[in-house]
Amino acid sequence: MNITQKIIKDHLVSGNMVAGEEISIRIDQTLTQDSTGTMAYLEFEAMGIDRVKTKRSVAYIDHNTLQSGFENADDHKYIQTVTKKHGIYFSRPGNGICHQVHLERFGIPGQTLLGSDSHTPTGGGIGMLAIGAGGLDVAVAMGGGAYYITMPKVVKVNLIGKLNKWVAAKDIILEVLRILTVKGGVGKVIEYSGEGVKTLTVPERATITNMGAELGATTSVFPSDDVTKAFLKAQGREEDFTYITADDDATYDEEITIDLSKLVPMAAKPHMPDNVDTVKNIGKIKVDQVAIGSCTNSSYMDMMKVAKILKGKTVQEDVSLVISPGSKQVLNMLSQNGALADMISAGARILESACGPCIGMGQSPKTDAISLRTFNRNFEGRSGTKSAQVYLVSPEVAALSAINGYLSDPTELDFDNYVEMPEKFLINDNMVVSPAPEGNDVEVVRGPNIKEFPINTKMTDTVEGKALIKVEDNITTDHIMPSNAKLLPYRSNVPYLSTFCLAPCDENFSQRAKENGGGFIIAGSNYGQGSSREHAALAPLYLGVKGVIAKSFARIHEANLINSGILPMTFVNEEDYDDIDMMDELKIEDAINGVKEKDTIIVKNITKNKEYKVKINLSDRQKDMMVLGGLLNYTKEQSK
């Protein structure tokens with residue numbers, strides 16, 4: 001068996017481990033962050049369960065950390081009190097980015113981790129089966145419910161050779177993205193193996209599994225080996241270590257081989273993570289901003305390599321350089337060993353240990369700027385500046401480019417970039433608050449910005465409405481529910497958020513949906529890629545959207561639509577997409593029977609007097625969920 005199959009088998013609750021079939025697995029750990037967490041805990045409370053059933057659940061405050069009004073602080077207080085009441089650990093603001101901290105302090109090889117953030121697969125860097133999901137799925141898992149997925153195919157990425165100097169783990173995942181594209185991982189787990197794996201540290205592995213989310217993959221995973229053991233020992237957690245490797249005769253559904261020795265520094269050009277080219281081919285383009293950090297590249301090892309390049313230098317006068325260490329542990333260690341002083345002396349602006357610019361929370365570039373970022377996504381407008389051109393690069397490329405003022409290839413440097421992994425990390429968990437003992441009475445504090453989330457009603461026999469919008473391929477959740485610094489404080493206020501739903505595509509969408517009593521969204525391929533935010537389903541639900549007809553869906557968003565009781569449909573004949581115009585009247589008759597009994601149903605275009613066959617890729621369980629109006633209604637029905 002391969003690693004993926006071993007962990008799934010050990011956690012299998014129902015179903016057969018056959019690719020394409022629905023299975024459910026037991027979840028050991030969960031994580032949430034504050035931009036998705038408020039909704040997840042409101043949903044958990046709605047289930048009426050007193051105490052989490054997982055081995056460990058952790059709530060992180062790392063997204064909405066700019067307090068420009070009361071909203072974020074109110075959400076944080078709600079999360080702090082609701083987690084204390086229900087048995088969940090609380091990582092305070094300033095303790096760090098959820099994925100970095102969880103890797104350092106809580107992740108355990110061989111366990112399952114479900115997180116309300118699409119980059120939860122970071123945990124695969126230490127051999128976890130770590131999966132991103134919507135908040136409602138995480139709430140169910142916290143309540144002891146199984147997590148349902150389609151049994152994935154497993155892709156073996158065979159790493160051979162060793163990286164040359166100044167070539168980074170970021171370049172490995174950019175190469176995988178170049179080969180597989182942002183749609184290439186859908187329905188798959190990416191499993192890394194080969195002699196090259198042994199040459200990669202845990203932080204390097206975590207960079208690769210983190211950005212596996214950009215492939216659309218269910219998750220990515222590395223073996224848990226002696227490298228993993230050394231990392232956990234340095235974190236004072238050697239007792240959490242377990243060897244997990246694939247059997248010698250393990251089989252895979254697909255296989256690709258990457259020779260690490262042939263890789264060179266690369267960059268993802270605007271506006272997709274798979275738009276990859278070499279730094280040399282792109283050329284010495286002038287740079288306006290450099291941002292180093294995010295859950296992809298904010299580890300101690302990354303930061304030390306950056307400090308090594310910046311030491312004794314000065315950031316070019318036209319460049320703004322910002323650096324976000326990934327955790328309090330990282331920031332503490334940098335401040336103790338002098339590396340932080342090297343960064344500051346060079347002219348870097350040090351941000352707090354949080355997501356920050358990666359999610360558009362501050363540091364938006366100037367108009368038409370070229371911004372180099374060590375982040376995981378470069379979708380148009382995600383930085384907060386629609387006209388900015390964002391390139392994704394390694395910390396090494398970013399740091400050197402900040403010094404030179406133009407995109408630079410670090411392989412031209414004449415000194416060594418080796419940084420030794422610490423034998424012992426600085427361990428201080430004083431910013432993690434333990435939950436109250438079971439049975440203690442804790443008051444849950446709710447601010448005025450926290451509104452009830454929308455819950456769907458049971459499906460009716462006739463589902464009809466207008467085609468409210470027609471969008472292109474690769475529409476992201478950033479398009480569906482924008483997540484900039486102005487809107488993030490309202491993640492717990494769906495009625496307000498809904499007025500901005502799909503605004504980057506059509507600023508009149510929300511008003512049109514309200515005026516027409518809801519309707520349908522027509523979409524191209526890979527609809528809903530990117531973040532796990534369930535708000536991209538909750539806002540359309542609030543606006544009365546009944547279904548989405550697309551050429552194809554991204555995994556997490558499709559699951560979130562189903563959880564909300566919004567019918568995800570795919571065209572049997574993709575050319576039918578071209579035939580539907582905005583405001584066409586669409587109708588599904590005998591909808592309940594069609595959803596329950598069939599795999600394809602008919603959508604009538606009343607305006608054009610035409611019919612379209614659409615597929616509904618739902619398991620029997622999901623069909624029952626859809627008819628009842630979503631996962632929450634289904635869960636309540638099952639508990640009767």
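User: Which residues does Ile 588 touch, not counting residues up to four places away in sequence?
Analyst: This is a predicted model. Ile 588 is among the residues with the most contacts inside the largest nonpolar core. Leaving out residues up to four places away in sequence, Ile 588 touches Asp 461, Thr 462, Val 463, Phe 520, Leu 567, Met 569, Ile 601, Ile 602 and Val 603.

User: How many residues has the largest nonpolar core?
Analyst: Phe 509, Tyr 527, Leu 567, Met 569 and Ile 588 have the most contacts inside this core. Its size is 96 residues.

User: Which helix gives the most to this core?
Analyst: The core in question is the largest nonpolar one. Its top helix contributor gives 6 residues and spans residues 135–142. That is helix H5.

User: How many residues are in the second, separate core?
Analyst: This core includes Ala 234, Val 287, Ile 309 and Leu 334. The second core has 58 residues.

User: How far from Asp 576 is the nearest side chain of opposite charge?
Analyst: Asp 576 sits in helix H19 (residues 576–579). Beyond its neighbours within four places in sequence, Asp 576 is in contact with Phe 571, Tyr 612 and Lys 613. Asp 576 is buried but has no salt bridge, and a salt bridge needs nitrogen and oxygen within 4 Å. The nearest side chain of opposite charge, Lys 610, is away by 7.6 Å.

User: Is Ser 294 buried or exposed?
Analyst: Ser 294 lies in the loop between strand S15 (289–292) and helix H10 (300–310). Its phi is positive, about 75°, although Ser 294 is not a glycine. The relative accessibility of Ser 294 is 1%, so it counts as buried.

User: What is the relative accessibility of Asp 590?
Analyst: Asp 590 is in the loop between strand S25 (585–588) and helix H20 (591–597). It is not a glycine, yet has a positive phi of about 50°. Asp 590 counts as partly exposed, with a relative accessibility of 37%.

User: How many of the 9 residues of helix H21 are buried?
Analyst: Arg 621, Gln 622, Lys 623, Met 625, Met 626, Val 627 and Leu 628 are buried in H21. They pack against strands S2, S8 and S24 and helices H18, H20 and H22. H21 (residues 620–628) is largely enclosed by the rest of the structure, because the buried count is 7.

User: Which residue forms a salt bridge with Asp 247?
Analyst: The structure holds 28 salt bridges. In this one the closest N and O atoms are 2.8 Å apart. The pair links distant parts of the chain, 241 residues apart, with Asp 247 in a loop and its partner in helix H1. The partner is Lys 6.

User: Are Lys 305 and Glu 204 buried or exposed?
Analyst: These two form a salt bridge, with the closest N and O atoms 3.7 Å apart. Lys 305 is in helix H10 and Glu 204 in helix H7 (residues 202–211), 101 residues apart. Both residues are buried.

User: Which residue forms a salt bridge with Asp 225?
Analyst: The closest N and O atoms are 2.9 Å apart. Asp 225 lies in the loop between strand S11 (219–221) and H8, its partner in helix H7. Both are buried. The partner is Arg 205.

Methods:
Residues numbered from 1 in each chain as written. Predicted model: local features only at pLDDT ≥ 70, side-chain atom pairs only at ≥ 80, totals over all residues. Heavy atoms only, no water. Helix = DSSP H or I, 4+ residues; strand = E, 2+ residues; numbered from the N terminus. Buried < 20%, exposed > 50% of the residue type's maximum accessible area, 1.4 Å probe, protein only. Lys, Arg positive; Asp, Glu negative; His and termini not counted. Contact = heavy atoms within 4.5 Å. Core = buried A, V, L, I, M, F, W, Y, C linked by side-chain atoms within 4.5 Å.
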